[in-house]
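User: I have a two-chain model open and would like to talk it through. Can you take my questions as they come?

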Amino acid sequence: MKTAIRVENLVKRYQKTVAVDGISFAIPEGELFGLLGPNGAGKTTTINILATLLHPTSGLAEVAGISVDGDRDALRRQIGVVFQEPALDVKLTGRENLQFHAMMYGLGKAERRQRIGQVLELVDLQDKADLLAEKYSGGMKRRLEIARGLIQHPKVLFLDEPTLGLDAQTRRHIWDYIRKLNRERGVTIILTTHYMDEADYLCDRVAIIDQGRIVAMDAPACLKDMLGGDMVHLEVEVGEGPLMDVLKTKNWVKAMQFHDGRLSLTMERGDRQIPELMNLAQQTGARIRSVNLRQPSLEDVFLHFTGRTIREEETVHDAQFHFVHGNRRG
Amino acid sequence: MKSVQGIAIYVLWLRELKRLLRAKSRLMGTLLMPLFFLAFLGMGFQRTAIPGVPPGMAYSVFLTPGILGMSILFSSTFAGLSVIWDREFGFLKEIMVAPVNRISIVLGRIAGGITTSLFQALAILAISLILGFRPRQWIMLLPGFLFMVLISVTFIGLGLAFASRMRDMQGFNLVMNFVIFPIFFLSGALFPLNSFPAWVRFISRFDPLTYGVDGLRAALLGKSDLPLLLDLGILSACALLSVLIGSWLFENSEYV
């Protein structure tokens, strides 16, 4: 299989900070690949380097076999990009934004008309195409931008936080478009997200990126398997002490943690072990109020590899982010 | 490699034109300031003999080419600086990831800038013709037009150079107050330079607009400090230099 994107030891350093700190990955053609991590982890910087908007400090980055330091215009012809922040001219109509794009990519008149019609239909914006983009809702803008990224039939599509700030229903729609593109048209897609469910639902493979480094990379299911089974949470009313003493002697309990009235256990085939757990609770006199069995989520994976939840990181980062922006606009 | 991509230049130009025609308030705003200058300065100094104005020439006539130069100075610098807006609103990224070489992007922006800028200048010229201004010879409007284009190119390049070095909008006011206004006042657009102290005249020789305004006066009034061709030569050199510097800085700036 051919390689669509190759990144080796990529580093992007600014005066004071290191945004990308030596990451490597390879994406085969046709894959739907995700970069998962909190804001400020280096996802967008990586995308911007691959999309020829930033120069790497060092390392190798190739798209469709073309280096980002090589023939940049040839590379640009192979890709479509949907940026994290809106990149529309809101003083133009939706259709005019698409026409501008098609002409920048050198499409002829007949081809332009045909493809603009197609992508408008794909994102269901035919009726709104002749409104000024400033009248669009957030979800419509996003759909228009995705449509725009497809006009030139890119080999590789970059989606930077494609559903950031959208409502649940619109997110679902956009996920469906993304899937359809990947499955039916074979477009290689690399997307960044800090939504666990998005990465889990969409991506063939996910790289978890934290503070400029990739800490884990595999298919979502494999990443979750790495944690070693299911999570069983017991809400214990009284008597957790004796119960835990007994559980410590059982080799099928891989990890155990008691926090805030909740006993969290990691084990393989949790569904089969619950009856046994109930028995042990009865024998030791522990009173269980509720049992919860779930597969580990990518959130648990992130916690496992970084020691923090993604939300904890976001809070810190957001505080800095708002400070910087407040300064800029003020 | 560095071939110019005509369709890209055209669509970048088209975008500027559409934006201009849709921003009616911006259009009115940029027309009003030069017209106020023309009307109030012209009327205010109507009966005053201004030293240095050629004998027998009304001050309002002397002023008209200066106001044309001023209008082009402001609108062209603004067109160059508008890259900052595109960066702020994200649209610059859409332009920069397209497979269009950077020189075509710069040329598209210059084409758009010249159009919006000259649109305003010609509107002012039309109004001053209605108010009674007459060029020495109608045919001399053609070299006058050439000077307007060259002034425009010079200051679009300058705006582009500044925009490439700016991270946010705050720099905009700095450029306006510390660069554009001095360029305006030093150019002799409002008053004849030969009535200024020698050191001011010396500095004004480094101001490209000096040659633009003087060239416009040479063409439209037939009275100027320097010969028309000398003005044309110096201003052309300024335009070329400014575009080269502007595009070089633009190409080598980071877009995000």
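**Domains, contact and cores**

Analyst: The C-alpha centres of domain 1 of chain A and domain 2 of chain A lie 43 Å apart. This is a predicted model, in which local features need pLDDT of at least 70 and side-chain atom pairs count only at pLDDT 80 or more, while totals for chains, interfaces and linings use all residues. Residues are numbered from 1 along each chain as its sequence is written, and chains are lettered from A, with ligands numbered from 1, in the order in which they are written.

User: Where do the domains of chain A run?

Analyst: Domain 1 covers 3–222 and domain 2 covers 228–295 of chain A, with bounds that come from an automatic or database domain assignment.

User: How many residues does each chain put into the contact?

Analyst: Chain B gives 21 residues and chain A gives 23 residues, where two residues are in contact if their C-beta atoms, placed from the backbone, lie within 7 Å.

User: And which element gives the most on the chain B side?

Analyst: That is α1(B), with seven residues; the elements giving two or more residues there are α1 (6–22) and α5 (91–96) of chain B. Helices (H or I, at least four residues) and strands (E, at least two) are DSSP runs, numbered from the N terminus.

User: Switching topic, which residues touch the most other members of the largest nonpolar core?

Analyst: They are L50(A), F158(A), I189(A) and L73(B), in a core of 140 residues, and the largest share of this core, 13 residues, comes from α3(B). A nonpolar core is a set of buried Ala, Val, Leu, Ile, Met, Phe, Trp, Tyr and Cys residues joined through C-beta atoms within 7 Å; buried means that 20 or more other C-beta atoms, placed from the backbone, lie within 10 Å of a residue's own.

User: What is I189(A) in contact with?

Analyst: Leaving aside neighbours within four places in sequence, I189(A) is in contact with L32(A), F33(A), L157(A), L159(A), I178(A), L181(A) and N182(A). A second, separate core of eleven residues includes V236(A), L263(A), L265(A) and L277(A).

User: What about the strands, how do β4(A) and β5(A) pair?

Analyst: They pair in the antiparallel sense over two bridges, pairing being called when DSSP finds at least two bridges between two strands. E62(A) stands opposite S67(A) in β5(A), and in this hairpin, with two residues between the strands, A64(A) takes a positive phi near 50°. Strand β4 (residues 58–63) of chain A also pairs with β1 (residues 3–13) of chain A, antiparallel over five bridges, with I5(A) opposite V63(A).

Definitions and conventions. A residue is buried if 20 or more other C-beta atoms lie within 10 Å of its own, exposed if 12 or fewer, and partly exposed in between; C-beta atoms are placed from the backbone.
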